[in-house]
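I wanted to look up how the parts of this model meet. My notes follow the structure itself.

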Protein chains: 2
Amino acid sequence: MVDIAARVYNHKWKIDPIVRSLIDTDFYKLLMCQSVFRNRPETNVTFSLINRSKDVRLADLIDEGELREQLDHVRSLSLTRGESTWLRGNTFYGKRQMFRPDFMEFLEGLRLPAYHLEKRDGQYELTFEGPWPQVMLWEIPALAVLMELRSRAVTKDMGRFELQILYARAMTRLWEKVEALRGLGPGLRIADFGTRRRHGFLWQDWCVQAMIEGLGDRFTGTSNCLIAMRRDIEAIGTNAHELPMVYAALADSDAELREAPYHVLADWHEEHDGNLRIILPDTYGSDGFFANAPDWLAGWTGVRIDSGDPVAGAETAIRWWRERGEDPRKKLIIFSDGLDVAMIERLYNRFHDRVKVSFGWGTLLTNDFRGLVAGDGLAPFSLVCKAVAANGRPTVKLSDNPAKATGPADEIARYKDVFAVGAQERQAVLV
Amino acid sequence: MVDIAARVYNHKWKIDPIVRSLIDTDFYKLLMCQSVFRNRPETNVTFSLINRSKDVRLADLIDEGELREQLDHVRSLSLTRGESTWLRGNTFYGKRQMFRPDFMEFLEGLRLPAYHLEKRDGQYELTFEGPWPQVMLWEIPALAVLMELRSRAVTKDMGRFELQILYARAMTRLWEKVEALRGLGPGLRIADFGTRRRHGFLWQDWCVQAMIEGLGDRFTGTSNCLIAMRRDIEAIGTNAHELPMVYAALADSDAELREAPYHVLADWHEEHDGNLRIILPDTYGSDGFFANAPDWLAGWTGVRIDSGDPVAGAETAIRWWRERGEDPRKKLIIFSDGLDVAMIERLYNRFHDRVKVSFGWGTLLTNDFRGLVAGDGLAPFSLVCKAVAANGRPTVKLSDNPAKATGPADEIARYKDVFAVGAQERQAVLV
């Protein structure tokens with residue numbers, strides 16, 4: 001029976017909106033936003049889209065008018081009553097009222113600020129400039145819009161049946177990964193971190209359901225707030241490079257710069273405890289970070305490894321805890337860089353008896369369409385949206401992999417000097 | 001939006017009927033039925049279900065009440081106005097009015113006769129006895145009902161998500177087969193012969209759509225009349241072992257018995273020409289059939305190879321045509337026994353330059369769920385529904401594979417003697 005009303009209703013849409021909710025974003029953006037709203041609300045920050053995969057010529061694939069329509073739609077969104085209720089009433093990491101009333105009021109009144117869009121060399125230059133707590137919330141929807149418009153561009157000439165097979169193949173592939181992970185034993189802890197690189201919203205939502213059904217409580221939740229709310233599961237996340245990058249850019253001297261990453265965590269320490277106290281050590285090199293870290297940081301719950309050789313990174317963290325008199329078996333290591341099943345297995349087997357291990361699985365959970373269309377046009381690619389300037393000064397990120405460094409060359413050199421970063425091993429950035 | 005009316009309507013069904021149309025059957029049953037209706041309408045025939053796969057204990061898997069409800073539903077069916085219009089108005093093999101007015105009147109008035117059902121040793125004994133033109137039409141719906149009730153039994157405890165993955169895997173597998181077949185070149189001719197062994201009606205319908213989309217006009221049609229009508233494609237089929245088996249059982253002497261297979265084809269010759277003149281030589285051994293065949297049979301369009309080593313069978317047919325002064329390149333060989341992609345490739349590559357080659361792809365098109373559930377409970381199995389007696393005499397089939405022989409042992413021995421069948425190579429019957 002044709003549902004005529006639904007069909008007519010669907011025809012009335014001018015566009016099929018990709019981002020339909022302000023909380024279709026990563027949980028850690030909201031956590032960081034609250035921290036920024038409290039500690040650095042007046043900072044003027046510029047976010048910019050950076051496509052590390054130059055061969056994916058987004059401006060050739062995606063129509064500018066369509067892109068503007070989608071971005072304009074995102075600007076029309078505001079927090080709904082139900083979303084606000086969920087954020088105010090929910091328990092995150094066992095804690096109620098994670099979000100303070102003044103922050104919730106700010107969020108309820110928020111509309112995302114204007115964007116600036118230009119085409120250059122087959123790529124889009126997309127920037128967002130304004131008060132940090134506002135522009136920072138553009139990151140995830142901007143990435144989601146571009147990722148999904150690219151998926152739509154590549155699939156637009158496919159027949160109904162071809163599309164069905166495409167998704168049957170992608171589903172089968174993901175399910176085989178889930179089945180392999182199920183073999184790892186009951187100690188596995190894994191979460192969806194794939195919002196920013198997803199093939200599309202509906203696909204991410206499907207992937208989360210596959211993880212729920214396939215892994216039960218070994219699947220600990222999703223970084224995506226909207227999906228967490230709709231599927232009644234845990235929203236997952238802590239903090240990211242954005243905080244030390246902006247704090248560092250605001251430093252007025254090399255001495256202040258050297259302290260910036262710890263300053264971020266001191267602010268965080270005041271606000272959060274327990275599972276939210278996760279160190280992300282690699283912004284300016286993990287080795288130096290640990291060597292110079294204050295003792296109170298060793299008391300934190302865990303470390304997230306997001307670049308460089310993950311085995312080496314985890315061994316460094318374990319060594320550091322031991323040196324500071326902590327028992328690594330009580331500590332948590334979260335792996336979140338370029339994971340797929342083989343690496344998850346390897347890391348789980350190597351570390352699960354020595355520390356608590358958790359995985360934040362991103363791109364290859366929510367966007368593994370490699371090899372599924374001719375020309376591999378749906379293969380994931382490396383698109384990011386980063387804070388590039390704060391109060392007029394450029395930001396810098398070094399990470400534990402020089403291929404992931406961002407910022408002007410002279411500033412990169414200065415940061416390397418200040419943070420005493422020696423030789424780093426370059427690793428290919430797949431996703 | 002929930003379609004409340006559709007949902008309430010669906011809830012009102014006492015059962016979910018498996019066979020919903022009298023033409024949800026193989027086209028050749030209707031062709032043969034017309035021939036029987038003309039030539040042997042008074043014959044009393046018994047059809048019986050035979051499960052060659054003893055390890056699949058159908059009576060343990062399938063509830064008897066459910067089976068009776070489904071069979072009773074089949075008995076309630078009659079030809080609809082649209083179905084009758086399609087049969088009367090359609091062009092089959094380029095010919096209009098394939099079905100004569102008197103036969104169409106018979107068909108329009110037909111309800112399937114009573115069935116007899118008993119349980120024995122974990123199997124169902126299901127028989128149909130009565131006038132041949134009526135009971136013969138039970139074969140396909142009976143098989144379809146049992147096959148699909150078995151699929152339902154095996155899948156009944158699976159979750160919504162598990163089911164989605166099951167079908168995603170099956171779709172992916174079939175599509176990979178279709179893609180492999182696409183590589184064989186434009187000369188390929190292949191049809192769906194999978195009604196009798198299908199996983200389910202909706203699945204067969206999906207498989208046909210996959211073949212249409214993937215192979216274009218290299219997919220020549222389906223044996224299933226209902227799907228042919230709904231998808232607006234060709235209904236495919238000619239004749240089967242049933243005719244010589246019953247004609248043979250009715251023979252009053254060994255001399256008559258020896259002539260029975262040719263008698264069948266003489267009746268067919270009067271009724272049909274062109275692509276419907278296909279010889280099925282293996283009922284009582286292909287070698288003897290060809291050796292003793294009258295010359296007019298060499299003028300027929302082609303040969304269907306349905307048992308034994310298909311390469312040997314095709315070589316025998318080619319040799320026979322040459323001996324009778326026919327050009328094999330103008331002849332058609334239809335392979336229809338236990339095909340899957342590797343065998344289709346092998347046969348196509350070996351023969352497509354020497355004869356016209358066509359494939360009737362059955363079980364492994366519409367029921368390849370091997371390995372897709374635990375315990376392999378959805379693997380296809382060898383269920384048939386055969387004419388076992390005619391006017392009180394048992395029927396016999398030998399075929400080119402002694403593993404497929406049916407009938408009482410003493411009758412098999414007599415037939416082997418009459419038809420001078422020597423040593424035969426036994427081949428495993430997979431499906």
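This is a predicted model: local features need pLDDT of at least 70, side-chain atom pairs count only at pLDDT 80 or more; totals for chains, interfaces and linings use all residues.

The entries below go through two interfaces in turn.

**Entry 1: chain B against chain A.** I began with the contacts between the chains. I found 20 residues of chain B in contact with 20 residues of chain A. I then looked up the buried area, which comes to about 1900 Å² between chain B and chain A. Carbon and sulfur atoms give 64% of that area.

Entry 2: I read off four salt bridges between chain B and chain A. I looked at one pair, A:Arg169 with B:Glu176, where the closest N and O atoms are 3.9 Å apart. The cut-off for a salt bridge is 4 Å, so I record that this pair falls within the limit at 3.9 Å. I also have eight residue pairs in polar contact between chain B and chain A, both residues being at pLDDT 80 or more.

**Entry 3: what chain B brings.** I asked which elements of chain B give two or more residues to the side that touches chain A. They are helix 9 (160-182) and helix 10 (201-215). Helix 9 of chain B gives the most, with 12 residues. By class, I get nine nonpolar, four polar and seven charged residues on this side of chain B.

**Entry 4: domains of chain A.** I turned to the division within chain A. Domain 1 covers 12-156 + 379-392, and domain 2 covers 162-366. I have their C-alpha centres 21 Å apart.

**Entry 5: contact between the domains.** I find 50 residues of domain 1 of chain A in contact with 40 residues of domain 2 of chain A. The two domains bury about 3900 Å² between them, with 58% of it on carbon and sulfur atoms.

Entry 6: I read off seven salt bridges between domain 1 and domain 2 of chain A. I also looked up the salt bridge of A:Glu242 with A:Lys29, whose closest N and O atoms are 2.7 Å apart.

**Entry 7: what domain 1 brings.** I listed the elements of chain A that give two or more residues to the side of domain 1 touching domain 2; among them are helix 2 (27-39), helix 8 (139-155) and strand 12 (383-390). Helix 2 of chain A gives the most to this side, with 11 residues. I close with the classes on this side of domain 1: 27 nonpolar, 12 polar and 11 charged residues.

Note on methods
Residues are numbered from 1 along each chain as its sequence is written. Chains are lettered from A and ligands numbered from 1 in the order in which they are written. Side-chain values use heavy atoms; hydrogens and water are left out. Contact means heavy atoms within 4.5 Å. Buried area is the accessible area (1.4 Å probe) that two parts lose on being put together, summed over both. A salt bridge is a side-chain nitrogen of Lys or Arg within 4 Å of a carboxyl oxygen of Asp or Glu. A polar contact is a pair of N or O atoms within 3.5 Å; within protein, one must be able to donate a hydrogen and the other to accept it, and residues adjacent in sequence count only if both atoms are side-chain atoms. Helices (H or I, at least four residues) and strands (E, at least two) are DSSP runs, numbered from the N terminus. Ala, Val, Leu, Ile, Met, Phe, Trp, Tyr, Cys and Pro count as nonpolar, Asp, Glu, Lys and Arg as charged, and the others, Gly among them, as polar. Domain bounds come from an automatic or database domain assignment.
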